Amino acid sequence: MGGVLDSVNQRTQLVGQNRLELLMFRLNSGQLYGINVFKVKEVLPCPALTLLPHSSKVVRGIAHVRGRTISILDLSVATGGRPLQDISKGFIIITEYNNSVQGFLVGAVERIVNLNWEAISSPPKGSGRAHYLTAVTEVDKKLVEILDVERILAEVSPPSENLSEDLYNKGQGAEHRLNTVLIVDDSSVARAQIRRCCESMGLDTVVLNDGRQAYEHLKTLLAEGHNPADRYILLISDIEMPEMDGYTLTASIKNDPDLAGLYVMLHTSLSGVFNQAMVDKVGADDFLAKFHPDELARRVLAQQERQEVAA
């Protein structure tokens with residue numbers, strides 16, 4: 001699998017083009033699943049694993065890879081399926097989320113496909129709350145399910161969502177002209193984390209599921225005679241979303257003279273050295289790897305204060 005990943009330079013050419021590369025894999029069944037290549041560091045045959053006593057049933061063990069010890073999570077178990085049986089024939093997809101590295105155990109790795117985000121849809125209505133999908137798409141007339149990795153990781157190792165006391169008090173005690181944050185994310189877990197953080201600072205929130213919804217919402221405000229920059233402190237957007245990704249959303253906002261004044265923060269689990277180049281290319285005002293409640297709170301409050309000075 002050494003040649004399965006494109007170079008960073010090649011991948012960054014997708015920025016602002018509303019495209020992604022999807023690594024497809026299988027678990028126990030013939031169902032195809034997908035993960036954004038931007039999150040993938042390496043794909044390897046499953047090495048020998050060392051069991052961890054009293055760990056989550058999702059964690060099959062730890063492995064030593066490139067001088068680093070990482071946890072190996074069974075994606076089948078994590079999504080409610082049965083454990084992968086013969087792991088010696090499996091693969092681990094080593095990923096980086098939220099500045100942490102972990103390996104996902106899968107049954108088989110297929111190939112990488114280059115897709116337009118417009119070809120990727122939200123999960124069908126009626127899927128219920130128990131599913132682990134952020135999106136679905138079709139490749140070669142086969143359904144590909146894109147997993148909500150944020151939800152999986154949050155269930156295995158829940159992040160702290162508590163603000164430090166000083167930031168909580170500062171947020172609750174502040175009175176500002178603007179008091180609403182626009183949040184855009186396709187992961188229900190990520191949306192809830194950001195919303196709770198903002199609301200614990202005494203802020204109101206408007207929450208949307210993808211970039212297309214957000215852009216249409218902003219254009220509707222303009223059509224009604226409202227300037228979004230006068231309504232929202234800032235827009236906090238994920239990067240990888242169905243219909244329209246965060247890069248394309250940001251570029252669309254910044255290229256529109258009527259919307260360009262809206263402050264946009266890309267807030268994402270996609271971490272790596274290439275992120276700053278992407279942020280600069282599409283014109284985002286800020287970037288933050290999620291989820292860090294205190295740092296998110298500091299940046300929201302700082303932008304709120306800058307708007308007060310400008311007003």
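Here are some notes on the model, point by point.

1. Ground rules. This is a predicted model, with local features needing pLDDT of at least 70 and side-chain atom pairs counting only at pLDDT 80 or more, while totals for chains, interfaces and linings use all residues. Residues are numbered from 1 along each chain as its sequence is written, and side-chain values use heavy atoms, with hydrogens and water left out.

2. Strand 7 and its partners. I'd start with strand 7 (100-106); helices here are DSSP runs of H or I with at least four residues, strands are runs of E with at least two, and both are numbered from the N terminus. Strand 5 runs parallel to strand 7, joined by three bridges, and L73 stands opposite F104. Strand 6 (residues 91-97) runs antiparallel to strand 7, with seven bridges, and here I92 faces L105. Pairing takes at least two DSSP bridges between the strands.

3. The hairpin turn. Strand 6 and strand 7 form a hairpin with two residues between the strands, and N98 takes a positive phi near 50° there.

4. The second largest pocket. Strand 7 turns up again here: the elements giving two or more residues to the lining are strand 5 (68-74), strand 7, helix 3 (149-156) and helix 5 (188-200). Helix 3 gives the most, with four residues. The volume is about 370 Å³, and of the 19 lining residues the closest to the centre are S100, Q102, L153, A154 and S157. By class the lining has ten nonpolar, seven polar and two charged residues. For the classes, Ala, Val, Leu, Ile, Met, Phe, Trp, Tyr, Cys and Pro are nonpolar, Asp, Glu, Lys and Arg are charged, and the others, Gly among them, are polar.

5. How pockets and cavities are found. On a 1 Å grid over the protein atoms alone, a cavity is a set of points where a 1.4 Å probe fits but cannot get out; a pocket is an open set with protein on both sides within 12 Å along at least five of seven lines, and lining residues have an atom within 4 Å of a point. Points are joined across faces, edges and corners, and a volume is the space filled by probe spheres set on them.

6. The cavities. There are three cavities of 30 Å³ or more. The largest cavity has a volume of about 140 Å³; of its 17 lining residues, K39, T134, I146, L147 and E240 are the closest to the centre. Strand 2 (32-36), strand 9 (133-139), strand 10 (142-147) and helix 3 each give two or more residues to this lining, and strand 2 gives the most, with three. The lining divides into seven nonpolar, four polar and six charged residues.

7. Rings. A search of the whole structure gives one aromatic pair. F25 and Y33 are stacked, 6.0 Å centre to centre with 25° between the planes (Phe, Tyr and Trp rings, the six-membered one for Trp, pair with centres within 6.5 Å; under 30 degrees is stacked, over 60 edge-to-face, the rest tilted). F25 and Y33 are both buried. Separately, the charged end of R151 sits over the ring of Y132, 4.1 Å from its centre (NZ of Lys or CZ of Arg within 6 Å of the ring centre and within 35 degrees of the ring normal).

8. D166. This residue is in helix 4 (residues 165-173) and counts as exposed because its relative accessibility is 54%. The C-alpha atoms of D166 and D294 are 9.8 Å apart, though 128 residues separate them along the chain.

Key
Buried means under 20% relative accessible area, exposed over 50%, partly exposed in between (1.4 Å probe, protein chains only).
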